[in-house]
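This report describes a single protein chain as a predicted model. Please read it alongside the sequence and the coordinates.

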Amino acid sequence: MISGFSKLSKKDKINWLVDTFLQNNSDAKEVLKQYWNSDADLQQLHDEFSENTISNYYLPFGVAPNFIINGEEFAIPMAVEESSVVAAAAKAAKYWANRGGFKTEILGFTKLGHVHFTFKGDAQKLQDFFKDLEKKLREDTLTMTQNMEKRGGGIRNLNLVDKTDLIPHYFQIEAEFDTVDSMGANFINSCLEQFAKTLEHELNDSDFFAPEEKKSLQIIMCILSNYTPNCMVRAWVECPVTDLVDKNIPADIFAEKFIQAIKIAEIEPYRATTHNKGIMNGVDAVVIATGNDFRAVEACAHTFACRDGRYSSLTHAEVSMGVFKFWLDLPISLGTVGGLTSLHPLVKFALQLLKNPSAKDLMGIVAVAGLAQNFAALRSLVTTGIQKGHMKMHLYNILNQLGATEKEKDYFAIYFRDKTVSHSAVVSEFHRLRGKEV
């Protein structure tokens with residue numbers, strides 16, 4: 001055990017880690033230093049993003065071009081290590097660019113937070129009391145909400161929620177917020193903590209309750225929710241079935257198989273999990289590139305996917321009057337101001353690349369990336385199969401592990417143009433090419 005680790009210099013942290021766990025391996029120190037930025041000020045900025053920082057962990061920062069979203073062209077930044085994600089998104093973007101592009105619509109824009117508390121008194125008296133309390137809750141948070149209200153946001157609704165059927169004496173103050181272009185976590189949590197103080201003060205100062213009822217009030221916690229079903233975006237594509245041209249399959253059969261694949265994901269959790277993971281490949285990559293919280297986005301999406309009591313697909317598809325439609329409803333809370341958006345140079349670049357979007361605009365872009373990713377995956381699954389494309393992308397990872405030269409990589413790209421890529425096949429041909437025995 002070590003005390004005061006966070007107070008050590010970065011050099012001392014590394015020395016302690018390497019001495020304690022890596023037998024003083026000097027190579028390990030060099031690996032960490034290789035990833036430091038040569039600009040000392042920029043490195044210090046990165047060091048201060050988190051606690052106990054010893055190096056930077058790189059993810060590939062790629063771009064998927066040719067997205068047409070609501071009639072406007074975009075190149076979407078994606079930070080992701082999975083080899084096929086950016087390629088698949090770009091392929092789907094190009095496919096739909098000639099079929100009307102992607103459309104988006106904001107279905108809701110409020111976020112939730114709760115004061116969780118217990119109260120052992122008369123529940124109806126508490127409900128009646130809350131009608132007068134709401135005004136005071138808003139008044140006591142006015143200094144926090146003024147600037148947000150000037151930008152068009154603020155507290156939207158306040159409700160007292162009785163949860164005593166689930167936990168004895170358990171109630172919530174449920175608050176809805178509009179945080180405009182900020183993710184708003186600090187704003188929401190600050191308001192909630194003030195709500196709790198106001199509740200305690202006003203209830204204890206009221207003649208409405210008996211002394212034992214006042215003593216029974218206990219604030220448990222005040223916290224925003226990362227489940228935001230009222231902060232929702234829809235992204236979709238549509239075209240006549242006859243326009244679903246694919247060299248591997250007739251258009252009508254493609255539409256039929258595609259919709260069946262969606263229906264399977266709607267009713268089969270084993271498939272839905274992988275299906276939705278593919279959607280989040282695209283979503284998370286843009287969320288990370290734009291400096292947002294992908295853990296919150298993931299948690300929200302998966303909670304929404306099981307809102308009806310069974311885990312199900314986030315995307316849906318249909319054919320109506322000869323028109324194919326494929327869509328995604330995604331609850332997602334994002335920010336384009338605050339946090340890393342004004343600090344991380346690549347985040348600033350990503351937002352500039354996306355034409356400095358509002359939070360609502362970014363919700364649409366992120367949803368489109370998820371929909372594109374899902375379309376590309378399903379298109380492969382119902383036609384050529386998923387592995388052909390995946391292993392083509394994985395080819396370069398295998399070659400890098402083998403230490404292939406650029407000339408050898410060019411050779412393998414041609415060699416596997418009409419062959420199935422597998423690890424053993426690549427290794428075998430690599431050794432043959434270099435004249436080694438397998």
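**Basis.** The model is predicted: local features need pLDDT of at least 70, side-chain atom pairs count only at pLDDT 80 or more, and totals for chains, interfaces and linings use all residues. Numbering starts from 1 along each chain as its sequence is written, and side-chain values use heavy atoms, with hydrogens and water left out.

**Chain.** There are 16 helices and 10 strands in the chain. Helices (H or I, at least four residues) and strands (E, at least two) are DSSP runs, numbered from the N terminus. The C-alpha trace spans about 90 × 70 × 40 Å along its principal axes. Of the 438 residues, 45% count as buried; buried means under 20% relative accessible area, exposed over 50%, and partly exposed in between, with a 1.4 Å probe and protein chains only. Among contacts (heavy atoms within 4.5 Å) with a separation of 6 or more, 71% are between residues 24 or more positions apart.

Four strands make up an open antiparallel sheet in the order 3-8-10-9. Two strands pair if DSSP finds at least two bridges between them. Strand 3 (103–109) and strand 9 (315–320) are at the edges with a single partner strand each, so one side of each has no neighbour in the sheet. From one strand to the next, the twist averages 20 degrees. Strand 9 is joined to strand 10 (residues 323–331) by six bridges, and the two run antiparallel. Ser 320 has Val 323 in strand 10 as its bridge partner.

Axes are lines fitted to C-alpha atoms, for helices over the stretch in contact, and angles run from 0 to 180 degrees between N-to-C directions.

| Helix | Strands touched | Angle between directions |
|---|---|---|
| Helix 9 (residues 251–267) | strand 9 and strand 10 | about 140 degrees with strand 9 |
| Helix 13 (residues 359–381) | strand 3, strand 8 (231–240), strand 9 and strand 10 | about 50 degrees with strand 8 |

**Largest pocket.** On a 1 Å grid over the protein atoms alone, a pocket is an open set of points where a 1.4 Å probe fits, with protein on both sides within 12 Å along at least five of seven lines; lining residues have an atom within 4 Å of a point. The largest pocket has a volume of about 1400 Å³, where volume is the space filled by probe spheres set on the points, joined across faces, edges and corners. Its lining has 40 residues, with Phe 49, Ile 288, Leu 340, His 344 and Val 347 nearest the centre. At least two lining residues come from each of helix 2 (26–34), helix 7, helix 10 (269–289), helix 11 (294–305) and helix 12 (345–353). By class, 22 lining residues are nonpolar, 16 polar and two charged.

**Single residues.** Gln 194 belongs to helix 7 (residues 185–204) and is buried, at 19% relative accessible area. Leaving aside residues up to four places away in sequence, Gln 194 touches Asp 140, Thr 141 and Met 144.

Asp 205 sits in the loop between helix 7 and helix 8 (211–216) and is exposed at 57% relative accessibility. Its C-alpha atom is separated by 80 Å from that of Glu 408, 203 residues apart along the chain.

Gly 403 lies in the loop between helix 14 (386–402) and helix 15 (406–415). Gly 403 is partly exposed, with 44% relative accessibility. With residues up to four places away in sequence not counted, Gly 403 touches Glu 408 and Arg 434.

How values were computed
Ala, Val, Leu, Ile, Met, Phe, Trp, Tyr, Cys and Pro count as nonpolar, Asp, Glu, Lys and Arg as charged, and the others, Gly among them, as polar.
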